[in-house]
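My notes are below the structure.

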Amino acid sequence: MPISKLFYFGEAIYYIVVATTKVAILLLYLRLAVKRNLRILIWATMGFVIATCISCVIAGLFQCNPIAFAWDKNIKGGTCFNVTALFYANAGLNIFQDVFIYILPMRMLWEIQIPRKQKIALIAVFAVGGFVCVTGMLRLNSLKTASVSSDPTCK
């Protein structure tokens, strides 16, 4: 039962940590962006990331009725919605956000007035972020495995 409580609260912490990381990256982009349209797009993306975080945290915290049923399945009459659907929805939104955040600065970086070799090196450094996108996609397979496991530590 204590491990179930940790997993329950760990979900919310996971959503918050992922969103905070994305917002930090977007704040960096905001410092680099000079064009008004790009700054508006960065702010809108930040709003979308924060809204996704808040909705997933709320859905995760209120996944069961009563709330304690999330970690104590012995409570009579307790129900939970399909938590696996929440995990998949969150994963899909995260993949979309990762790819979008990855692509967002590329045009801005290409337009920076620095020598071509430095520009290519700078884009290559940012391209390492593609690893995050691939990792998010590979995570979907582990979600599938965890969703059918009877071991709560897999989820």
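Predicted model: local features only at pLDDT ≥ 70, side-chain atom pairs only at ≥ 80, totals over all residues.

Entry 1

Entry 2. I looked up helix α2, which covers residues 36-61 and has 26 residues. From its first C-alpha to its last, α2 reaches 37 Å, and this is close to the 38 Å expected at 1.5 Å a residue.

Entry 3. Which residues of α2 are buried? I list L38, I42, T45, M46, V49, T52, C53, C56, V57 and G60. I then checked what covers them: the cover includes α1 (2-32), α3 (83-103) and α4 (106-111).

Entry 4. I turned to the largest nonpolar core, which has 26 residues. Inside this core, L26, Y29 and I42 have the most contacts. At least two residues of the core come from each of α1, α2, α3, α4 and α5 (116-127). As background, nonpolar side chains in soluble globular proteins tend to be buried together.

Entry 5. I followed I42, setting aside its neighbours within four places in sequence. The residues in contact with I42 are then L26, Y29, L30, A33 and L104.

Entry 6. I also found a second, separate core of five residues, with Y8, C64, F69 and A70 among them.

Entry 7. Last, I looked up V132, which lies in helix α6 (residues 130-147). Why is V132 classed as partly exposed? Its relative accessible area is 43%, and the class runs between 20% and 50%. I also took the C-alpha separation of V132 and I95: the two are 37 residues apart along the chain, and the distance is 8.8 Å.

Conventions
Residues numbered from 1 in each chain as written. Heavy atoms only, no water. Helix = DSSP H or I, 4+ residues; strand = E, 2+ residues; numbered from the N terminus. Expected span 1.5 Å × (residues − 1). Buried < 20%, exposed > 50% of the residue type's maximum accessible area, 1.4 Å probe, protein only. Contact = heavy atoms within 4.5 Å. Core = buried A, V, L, I, M, F, W, Y, C linked by side-chain atoms within 4.5 Å.
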